[in-house]
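Please read the report below alongside the sequence and the structure.

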Amino acid sequence: MELIVNGVVETGAPCTIAEWVAQKGLAPGALVVELNQQIIKQEQWPMVQLKEGDHLELLSFVGGG
Amino acid sequence: MKDDTLQLGGKILSNRLLTGTGKFAAHAQIPEMLAASGSQMITVALRRIDTTTRSENILDFIPKKVTLLPNTSGARSAEQAVRIARIAREAGCGDFIKIEVITDMRYLMPDNWETLKATEILAKEGFIVLPYVLPDLPLAKRLENAGAAAVMPLGAPIGTNRGLETKPLIEMLIENCTVPIIVDAGIGRPSHAAAAMEMGADAVLVNTAIATAKDPVAMGRAFDLAVKAGRAAYLAELAGESATARASSPLTGFLDE
């Protein structure tokens, strides 16, 4: 399965958003996920299956003025 | 002075210093700065994460009683600003949004036209919209009509610490707008903040001048005092100026008269 993650092509076995986040070792607390320009709330991550060609944006809050 | 509060979209602030989270040497300085300055609203930005490194969650450093003001920095169009605003709200950051649309990378001048478009859209969606703009009175009136909760004119370009270079233009907004005017960007010293408040600004937003001071916590406190002094002076109504001297002591009854 090929995904576009933050603009970069990544490959992996089919999985849910929750599984993908866990595989990457990302801290879920700080993470905001957008799938094909739709925001996916954290409680939905285990239910949403990633598909070939999906565009995933992983964002977080940072310092800014 | 006790009841001198600022209302922003239903939120009542008793402190008129808004702060930012950018450029601190360590995130741990942020809660200390907030405690020292009394600031009740602070900006954050949203960015793509680097999936190869682990980093701290900045929200962990902001006490829950402080209201988050996410900004749309990084947006180069109204459409991008709207997208960032919606993400910030979905992420649980509340309804406040500082619209920042910048297309000029040398001076970081806000794009007033795109900012107005984003304000129109987001206000309709129920956001509490605080647009960051180059001070321009007709634009400010359009922002008001579009539902902006405040207008945030710049004093000088972001991060320059040059103060109120746009002072006469900000004064026009203060005199003619009904929504609060919050001077944002360019304020480099507490005296700049005091000057903005003295002339009737409703609040100021300070980031660089606090975060990059040698002691950001002490500087946060200095800005708090300056904002309070400026506000008190505004409410007391300043005495008039004169081109010639006006004696403070009586001009009669001298010893040799």
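The sections below take each chain in turn and then the contact between them.

## The model and chain A

This is a predicted model. Chain A contains 1 helix and 5 strands. Read from the N terminus, its elements follow the order β-β-α-β-β-β. The radius of gyration of chain A is 12 Å, close to the 11 Å that the globule rule gives for 65 residues, so chain A is as compact as a globular protein of that length. Its C-alpha trace spans about 40 × 25 × 20 Å along the principal axes.

## Strand pairing within chain A

Strands of a sheet pair through backbone hydrogen bonds, and the pairing is either parallel or antiparallel. In chain A, strand S1 (residues 2-5) pairs with S5(A) in the parallel sense, over 2 bridges. Within this pair, Ile4(A) has His55(A) of S5(A) opposite it.

Strand S3 (residues 32-35) of chain A also pairs with S5(A), in the antiparallel sense and over 4 bridges. Here Glu34(A) stands opposite Glu57(A), a residue of S5(A).

## Chain B as a whole

Chain B has 8 helices and 10 strands. Its radius of gyration is 20 Å, close to the 18 Å that the globule rule gives for 257 residues, so chain B is as compact as a globular protein of that length. Along the principal axes, the C-alpha trace of chain B spans about 85 × 40 × 40 Å.

## A sheet of three strands in chain B

One open sheet in chain B is made of 3 strands in the order S6-S7-S8, with parallel pairing. Strand S6 (96-99) and strand S8 (152-153) of chain B stand at the edges. Each of these two has a single partner strand, so one side of each is left without a neighbour in the sheet.

Strand S7 (residues 128-133) of chain B pairs with S8(B) in the parallel sense over 2 bridges. In this pair, Val133(B) has Pro153(B) in S8(B) as its bridge partner. Helix H3(B) lies across S6 and S7 of chain B and runs at about 180 degrees to S7(B).

## Helices H3 and H4 of chain B

Helix H3 (residues 112-124) of chain B also packs with helix H4 (residues 137-146) of chain B; the angle is about 15 degrees and the axes are 9 Å apart. That angle makes H3(B) roughly parallel to H4(B). The crossing of H3(B) past H4(B) is right-handed.

H3(B) contributes Asn112(B), Leu116(B), Thr119(B), Glu120(B) and Ala123(B) to this contact, and H4(B) contributes Leu139(B), Arg142(B), Leu143(B) and Ala146(B). Sorted by class, the contact of H3(B) with H4(B) has 5 nonpolar, 2 polar and 2 charged residues.

## Helices H1 and H8 of chain B

H1(B) passes H8(B) in a crossing that is right-handed.

On the H1(B) side, Gln29(B), Glu32(B), Met33(B), Ala36(B) and Ser37(B) take part. They meet Pro216(B), Val217(B), Gly220(B), Arg221(B), Phe223(B) and Asp224(B) of H8(B). The contact of H1(B) with H8(B) divides into 5 nonpolar, 3 polar and 3 charged residues.

## Where the two chains meet

The contact between the chains takes 20 residues from chain A and 25 residues from chain B. On the side of chain B that touches chain A, the elements that give two or more residues are strand S4 (41-48) and helix H2 (78-90) of chain B. S4(B) provides the largest share of that side, 6 residues. By class, the side of chain B that touches chain A has 10 nonpolar, 10 polar and 5 charged residues.

Strand pairing also runs between the chains: strand S5 (residues 55-63) of chain A and S4(B) pair in the antiparallel sense over 5 bridges. Ser60(A) has Arg47(B) of S4(B) opposite it. The bridge partner of Leu59(A) in S4(B) is Arg48(B).

Notes. Residues are numbered from 1 along each chain as its sequence is written. Chains are lettered from A and ligands numbered from 1 in the order in which they are written. This is a predicted model: local features need pLDDT of at least 70, side-chain atom pairs count only at pLDDT 80 or more; totals for chains, interfaces and linings use all residues. Two residues are in contact if their C-beta atoms, placed from the backbone, lie within 7 Å. Ala, Val, Leu, Ile, Met, Phe, Trp, Tyr, Cys and Pro count as nonpolar, Asp, Glu, Lys and Arg as charged, and the others, Gly among them, as polar. Two strands pair if DSSP finds at least two bridges between them. Axes are lines fitted to C-alpha atoms, for helices over the stretch in contact, and angles run from 0 to 180 degrees between N-to-C directions. Angles under 35 degrees count as roughly parallel, over 145 as roughly antiparallel, 65 to 115 as roughly perpendicular and the rest as oblique. A crossing is left-handed if the near helix is turned anticlockwise from the far one by less than a right angle, and right-handed if clockwise. The radius of gyration is taken over C-alpha atoms; the globule rule is 2.2 Å times the number of residues to the power 0.38.
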